[in-house]
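Subject: Structure handover

Hello,

My notes follow below it.

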Amino acid sequence: MVKAISVENLSMTYGNKKEKIIAVDNISFTVYQGEIFSFLGPSGAGKTTTQRILTTLLPISGGTADVAGCNVLTDAKKVRTKIGYVSQLGGADPNATVHENLELSGKLYGLSKDVTAQRIDKLSKLLDFHELLSRFVRTLSGGQKRRVEIAQGILHEPKVLFLDEPTTGLDPQNRANLWQHIKKLRDNGMTIFLTTHYLEEADALSDRLIILDHGKIIAEGTPTELKKKISGEAISIELKNSRDAEKMKQLFNQLAIGNVIETGMNFTIYTSKGEELVAHIFEYTKEHHIELANISLSMPSLNDVFLALTGQELRDGGKEGEQ
Ligand SMILES: Nc1ncnc2c1ncn2[C@@H]1O[C@H](COP(=O)(O)OP(=O)(O)OP(=O)(O)O)[C@@H](O)[C@H]1O
Ligand SMILES: [Mg+2]
């Protein structure tokens, strides 16, 4: 397998001597050519910082990184010709048309008018916005705008594409639609490194992923490999009243269930005897007049992987549009 991105002991610290923020804390990883690779992590995990280092927009505090065979520090110019980057905020000018935006991108990449025109035609069809070329960007929906911005990011046919939170703010249908387009780019041979705080997105889209928290890698693998780390099924219980928490804990003690993760009024248990245990819990809560807001039994998700590793819900990252 050919390496598209290779990162060794990378660190990035913001701030001065008085106040230091370690945004990226000594991380190493490899992204292979032709894969969709994701960083999944809560707000402030260091996802954008890592991408901005790899796209040569930020310096490095420690370690090394190569992208498309070039070093990001010593060969930054060459790196820039080989990558595309669509930032978290997007970059399309709302007061220009889609066509004008793409023409400007072509100019910035130093492409000829002819080549630019050909690629606008090709990409607008591939990413399904051919009909929108004469529209002002400000009139587009979120999903349409994102597809245009991705086209801007790949007009020069880069080897590696960086997408920072490509679907934030999109509704589930538009999100799923964009996933299909991103997969198409991968199937055409592009390497894609994306960041996300959506569990479902990381699960559905990534060939491999890293879970990042507080600047550190806490897990790495395919979505299936990561979920397999959690043996058995997950029972989640949500209480209506916090005063019942102690009584619930007594039940867990009685049943000698050791591995209970408690977050507020929620308890999560991983077990190989899911149904049996749920039946016990129902019986017990009825007997002790404990009101449940919710109880569910499911196969482990990436949220469970995060929960098991950190003791916190990834959902607690709490962002607009979070599921
Ligand atoms: N320019 C900056 N100056 C100081 N601190 C910064 C700067 N940029 C980011 N940070 C801090 O670095 C840490 C990592 O930020 P980063 O933007 O990389 O996180 P993220 O994972 O992309 O988060 P989000 O999901 O919210 O986009 C955070 O604690 C953030 O406050
Ligand atoms: Mg970010």
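Start at helix 11, residues 302–310: L302, N303, D304, V305, F306 and L307 are buried there. Buried means under 20% relative accessible area, exposed means over 50%, and partly exposed is in between, with a 1.4 Å probe and protein chains only. Helices (H or I, at least four residues) and strands (E, at least two) are DSSP runs, numbered from the N terminus. At the start of helix 11, a side-chain oxygen of S301 comes to within 3.1 Å of the backbone nitrogen of N303. That is a polar contact: a pair of N or O atoms within 3.5 Å, where, within protein, one must be able to donate a hydrogen and the other to accept it, and residues adjacent in sequence count only if both atoms are side-chain atoms. After helix 11 comes G311, with a positive phi near 75°.

A word on the ground rules. This is a predicted model, in which local features need pLDDT of at least 70 and side-chain atom pairs count only at pLDDT 80 or more, while totals for chains, interfaces and linings use all residues. Residues are numbered from 1 along each chain as its sequence is written, chains are lettered from A and ligands numbered from 1 in the order in which they are written, and side-chain values use heavy atoms, with hydrogens and water left out.

Overall layout

The protein chain has 323 residues, and buried ones make up 48% of them. It holds 11 helices and 14 strands. Along the principal axes, its C-alpha atoms fill a box of roughly 75 × 45 × 40 Å. The domain assignment gives domain 1 (3–222) and domain 2 (231–299). Such bounds come from an automatic or database domain assignment. Taken over C-alpha atoms, the centres of domain 1 and domain 2 are 41 Å apart.

UniProt, in an unreviewed entry, lists residues 5–239 as "domain: ABC transporter". UniProt positions are given in the numbering used here, feature names are shortened, and annotations may be inferred rather than shown by experiment. Over residues 5–239 the chain is 35% helix and 30% strand. The end C-alpha atoms of that stretch are 45 Å apart.

Largest pocket

The largest pocket holds about 470 Å³ of space. On a 1 Å grid over the protein atoms alone, a pocket is an open set of points where a 1.4 Å probe fits, with protein on both sides within 12 Å along at least five of seven lines; lining residues have an atom within 4 Å of a point. Grid points are joined across faces, edges and corners, and the volume is the space filled by probe spheres set on the points.

There are 22 lining residues. Y85, S105, L108, Y109 and Q152 lie nearest the pocket centre. Helix 2 (76–82), strand 6 (83–86), helix 3 (98–108) and helix 5 (142–154) each supply at least two residues of the lining. By class, the lining has eight nonpolar, 10 polar and four charged residues. Ala, Val, Leu, Ile, Met, Phe, Trp, Tyr, Cys and Pro count as nonpolar; Asp, Glu, Lys and Arg count as charged; the others, Gly among them, count as polar.

Residues in helices

L104 sits in helix 3. L104 is partly exposed, at 48% relative accessible area. L104 and L178 are 74 residues apart in sequence and 23 Å apart in space, C-alpha to C-alpha.

G143 is in helix 5. G143 is buried, at 3% relative accessibility. From G143 to R175 is 32 residues in sequence and 7.4 Å in space, C-alpha to C-alpha.

T116 belongs to helix 4 (residues 113–126). T116 is buried, with a relative accessible area of 5%. A polar atom of the T116 side chain lies 2.8 Å from the backbone oxygen of S112.

Residues in loops

T56 is not a glycine, yet its phi is positive, about 70°. T56 lies in the loop between helix 1 (47–54) and strand 4 (62–67). At 15% relative accessibility, T56 is buried.

D128 also has a positive phi, near 65°, and is a residue other than glycine. D128 lies in the loop between helix 4 and helix 5. At 48% relative accessibility, D128 is partly exposed.

L73 is in the loop between strand 5 (70–71) and helix 2. L73 is exposed, at 53% relative accessibility. L73 and I53 are 20 residues apart along the chain, and their C-alpha atoms are separated by 9.1 Å.

Best wishes
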